[in-house]
Amino acid sequence: MDASTAAEIVSETKPRKNSCLQILSNRFISLLEKAFYRLGYSVASHPVFTICLCVLVCGLCAIGMKDFKETNEAEKLWVPATSRIQNEKHWVMENFPPFTRYASVILTNNNVLSPTSLKAMMEFYKSAYTLETGPHNLETMCFRVGPVCHVTSVLELWFYNEELINSLTQEDIIHKINNVTMSPMYHSELHLGSLLGQTWRDSAGQIVGAKAASVLFLLHDKPKLKKPAMDWELQMVKLANAGHSDLSDIFIYTTRSFDDEGYGAVNADVNLLSTGFSLVMVYLILTLGRFNLVHQKFYLSIAGLLSVGLAIGFAYGLAISCGILYGPVHALMPFLLLGIGVDDMFVIVEAWKNLSQKEMKLPLVDRMALSLKHAGVSITVTSITDVVAFAIGASTVIPGLSGFCIYAALGILALYGLQATFFVACLTLDQQKVEATRDGCIPCYVHKNYTPNSFSQRDIMTTAFEKYIGPNLMKFPVKTLVLLVTFTLLGVNVWGFYQLRQDFSLTMYIPSDSYAHKYAIAREKYFPSDGVDTAVYCKDFEYHKSRDLMEKMYHDIVQDPYIVNGSVVFWFSAFNKWFDTIKDDPSVAHTMYGDIKYPYSKAWFALLLHQFIYQTSQGQAFRHFIKFENASSTGNPIIIGTYFTLRHTYQPDSKSEIIAMESLRHVIDNSGLPGGGCFAYTDVYLTYETNKILQRELYRNLLLAVICVFTVTLLLIANFRTSLIVFTCVIFTLVDVAGTLHFWGVTIDTASSILLTLSVGLAVDYSAHIGHMFMTVQGTRPERVVATLKKIGPAVFSGGFSTFLAFLLLCNSYSYGFSLFFRVFFTVVLFGLFHGLIYLPVVLSWIGPEPYDTHLTTEDRTNVYVPECKCNSKGESNYLDTSSQMLIFDTTTRKSTDQDALWVPQQDSAVVDKTELGITTQDTVESPLLDDSSKEMITSQDLPSSQINFTSTQPSDPISMDTSPLQYKRQHCHSVNNDNQTPPPMRVPQNMDLNNETTPPSTVTKAIHTSNAMMTPDLNIHNGLEMPVLDTEKLTSPWVVKGSQLILAPGWKDTANPNPTNKHHPQNVIGQKKQTDSLKDPSRNSSFEAD
């Protein structure tokens, strides 16, 4: 090789100028790796202490769970604290608390208005009336209107008189139905639309038949009657399910039905979740360990699941002690932490498996430290991203969702710490057991002369990624197909995401095979116009001055298109009709003033209203609509509050329900009543209030979460291009999940909103691990992708698959909630793994960025030894005396110890094994980390490791040296007490060819002044060791190795052209030429990708 060619190589191998982000990246990654190495070293040195400390800390935090209380109130969980309905509900609960229970029955037949059907209905009523629960029956527990129990049905037209009903003819029935408008029993308007379903009429417009009839039983909801009332409801369910021979079907729904059927299905499916956890544990045992008696990981798998339990205790205890509310949806927490925790476990174990053969010869504490050093950065990227995303989600105005995000953030943070400490400590103890050849299940038994079977030494998943998945993904047709599938899925699911509608119905959460679900379906079929019952509550104000305003409000409500005609039960109109009949009576003349025939004061109005309610038959039907103070005393009654009832029309979805609620509110708010005296309220409005903001909050939380994902991954991965590609994976996964849920029939409600928010955390894990690992390996882009999949692919796949196993058994669940869990987690795992393991590698193979400049310290850990003398001197610098082939020390210019070293190809016979270096088992370990000076020597511009692996030569003389990855402390060290003393020389063999034969040296002599460490005039190149030369150098090669770079020796081109060939091995010259060509070719990757 001539001097000009060598100069070109030197020029092209000059380090690139790093950008600010790259500099920050290198420093940040270096700091993280140092921190995790030291943490791993400490944990592995004291595993038992670490385990005890983790258990103690989590146990102390878990003490806060002593104040555990689950919040079930919808207004506290799902309604913003600033919503108007909060104050409205408080007023209603204080003045008109719920006081009834119910059993609603739908009876169907070809024509329920036939004499036979009415007789069957009467028999059913009698059977229900005679049901007994101990000393109680319907007579003793029913809600009464006057002297009779309140049971609403068409039978009330005949006073539930069995003899009269049995004597009815078809004509009698039709006549009565079409000519009676007031209930003869309860003196209220009769609403046939709510009593008869699917009616049909004759040519005259009269009702002549109906397919269904409803019966409503009302019971008192008093504490002492609650248990017998619930028992009576249960007997009613059995009675309805038994059916009747003269009726087609009987459907029933009671106050206790949702708890029995909805929560009952949930409790039943909890057993399936327990089985799912067992499947996860079995999978952990199979994948973490090997199939032999010693290397199986039964106890380590339990420890991994235990870390999830400790994280739950930490998060729950800390959050509860801080007053963060806990709701039913928080039961999802264990599954979230299981998915993230198992993923981190696999990453740590995979880092352990990826240690090289040389690293596996190191002491156990160093191996554990190295494993955590490389796994720690990866789990930091995913964990911190998840924590920040959930912390941002905690800012939502929905209290239940905010609380869940706080619990999740604390749990993931705790799990992050536990995986890096508790699990690593358990892994250390497990490895001690393995190295002692103790049995995997019975550790007290030691296997002597144990040899594991050959099958257990195979790593099937790693082989699959390295030999099959990775190489096949790098084929151009496969890449094209992957991108085609990815963007096809994206396009279809973008449309599905756009079509995803907001809707919520309790019916969805009732198992489809339950009697309650059948009732809901029948209700929608036979009474489609019936919507939600609601009420208008009025506070105390001057009713006597607001007669016109009250009547106007009533008229506007009746005209509202979202209110069922005839459903308004208005006590004020009934009172006015009664008063108009007595206003000329002299006994009430004193209550009026002037020409106005109406009570002139608030007190007289209250007194007359009290008289109407308690002393008239028609007024007794409204007894519970008015609340008086001093109602039963001799003092003057005072009105505290009133209300009247009405019913919304049926609305097909949540959006329409919200419109109906807002329409009624608009009428009331604009009625002109003083002080906003009236408002509409029903418990269902709490759900409507949540639905009003749910979709907006969902999109807000998702947007903030993905922004946080990009920001945090940019800071932790510290590469804009990689972070952007990972970000697209997360976005694609979320869009695909949401779009698929639309095609699966899922709508936006509280549960699906939380699950979609939660999916952000899981989606990040599958992509961030791959993106980070890609930045730490070297070679061409395809080589780096295959290496990435080999190293981290099995861990990512196992993390996702184990999450899928936890929910696998819920695929056929009858509970909508658990079925929804399966759908969301299944799609998150499916699309997350697809984008992380398939799409992301393909994109990185085309446009992936350069690896970290600190790469070589991570990648070729055992092939790099950087010695540092720790002698008792002021500092000294070593260099090569070429005439004697000795490493000479100069103590005149060295200000601090450095880690400069000579580097030669690994294939060179000059490579010295550790045993040849005099390193024994008595040497102790202090730190494996390269300092900043050594990392500056190792850059991504070095010759590719696929062509040359660099290894430093080690002096055989006994000195104390710091090495990378290990610093070995020698038993003794040569002292240098003053500048005149120098340590003994050390020989460093150089220029050995690949067959251990010495290359014939080409001798070149170049005189160099040594007074001030001069640079050579040739391209300002140092002598390769960045130190002054003290004497004439006798060079045996045109090349000196600096860091991991081959550079031209000073003054080489000023001499006669040496013979650059290796006469013994001409193929080596060919190899050099090939490398030279690759370096000169501008089309090659800037990292000098291997051929």
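Select Cys 538 and Cys 678 and display their side chains. In this predicted model, the link between Cys 538 and Cys 678 is right-handed, with 105° about the S-S bond. The two cysteines are joined by a disulfide, with a sulfur-to-sulfur distance of 2.0 Å. Colour the strands next: Cys 538 belongs to strand 10 (residues 530-539) and Cys 678 to strand 15 (residues 678-681), so the pair ties together parts that are 140 residues apart in sequence. Both Cys 538 and Cys 678 are buried. A disulfide is a covalent bond between the sulfur atoms of two cysteines.

What is the handedness of the link of Cys 142 and Cys 149? With -65° about the S-S bond, the link is left-handed. Both Cys 142 and Cys 149 are buried. The count for the protein comes to 2 disulfides, and with bonded cysteines counted along the chain their pattern is 1-2, 3-4.

Cys 54 is buried, at 10% relative accessibility. Cys 444, in turn, is exposed, with a relative accessible area of 66%.

The next stop is helix 11. Select Glu 233 and Arg 101, whose side chains meet in a salt bridge (2.7 Å, N to O). Glu 233 lies in helix 11 (residues 226-242) and Arg 101 in strand 1 (residues 100-108), so this pair ties together parts that are 132 residues apart in sequence. Are Glu 233 and Arg 101 buried or exposed? Both are buried.

An α-helix has 3.6 residues a turn, so residues three or four places apart point the same way. The 17 residues of helix 11 should span 24 Å at 1.5 Å a residue, and the end C-alpha atoms are 25 Å apart, which agrees. Just after the helix, Gly 243 takes a positive phi of about 75°.

Now select Arg 367 and Glu 435, a salt bridge in which the closest N and O atoms are 2.7 Å apart. Arg 367 is in helix 15 (residues 364-393) and Glu 435 in helix 16 (residues 399-435), so the pair ties together parts that are 68 residues apart in sequence. Arg 367 is buried, at 6% relative accessible area, whereas Glu 435 is partly exposed, at 41%.

Continue to Lys 692 and Glu 662, whose side chains meet in a salt bridge of 3.2 Å from N to O. Helix 25 (residues 684-717) holds Lys 692 and helix 24 (residues 654-669) holds Glu 662, so the pair ties together parts that are 30 residues apart in sequence. The salt bridges of the protein number 27.

Finally, colour the model by pLDDT. The protein averages 77, and 75% of the residues score at least 70. Residues 1-14 stay under 50, and residues 1052-1091 are also below 50. Where pLDDT is low, the predicted coordinates should not be read in detail.

How values were computed:
Residues are numbered from 1 along each chain as its sequence is written. This is a predicted model: local features need pLDDT of at least 70, side-chain atom pairs count only at pLDDT 80 or more; totals for chains, interfaces and linings use all residues. Side-chain values use heavy atoms; hydrogens and water are left out. A salt bridge is a side-chain nitrogen of Lys or Arg within 4 Å of a carboxyl oxygen of Asp or Glu. Helices (H or I, at least four residues) and strands (E, at least two) are DSSP runs, numbered from the N terminus. Buried means under 20% relative accessible area, exposed over 50%, partly exposed in between (1.4 Å probe, protein chains only). The expected span of a helix is 1.5 Å times one less than its number of residues. pLDDT is the predictor's confidence in each residue, from 0 to 100. Contact means heavy atoms within 4.5 Å. A disulfide is a pair of cysteine sulfur atoms within 2.5 Å.
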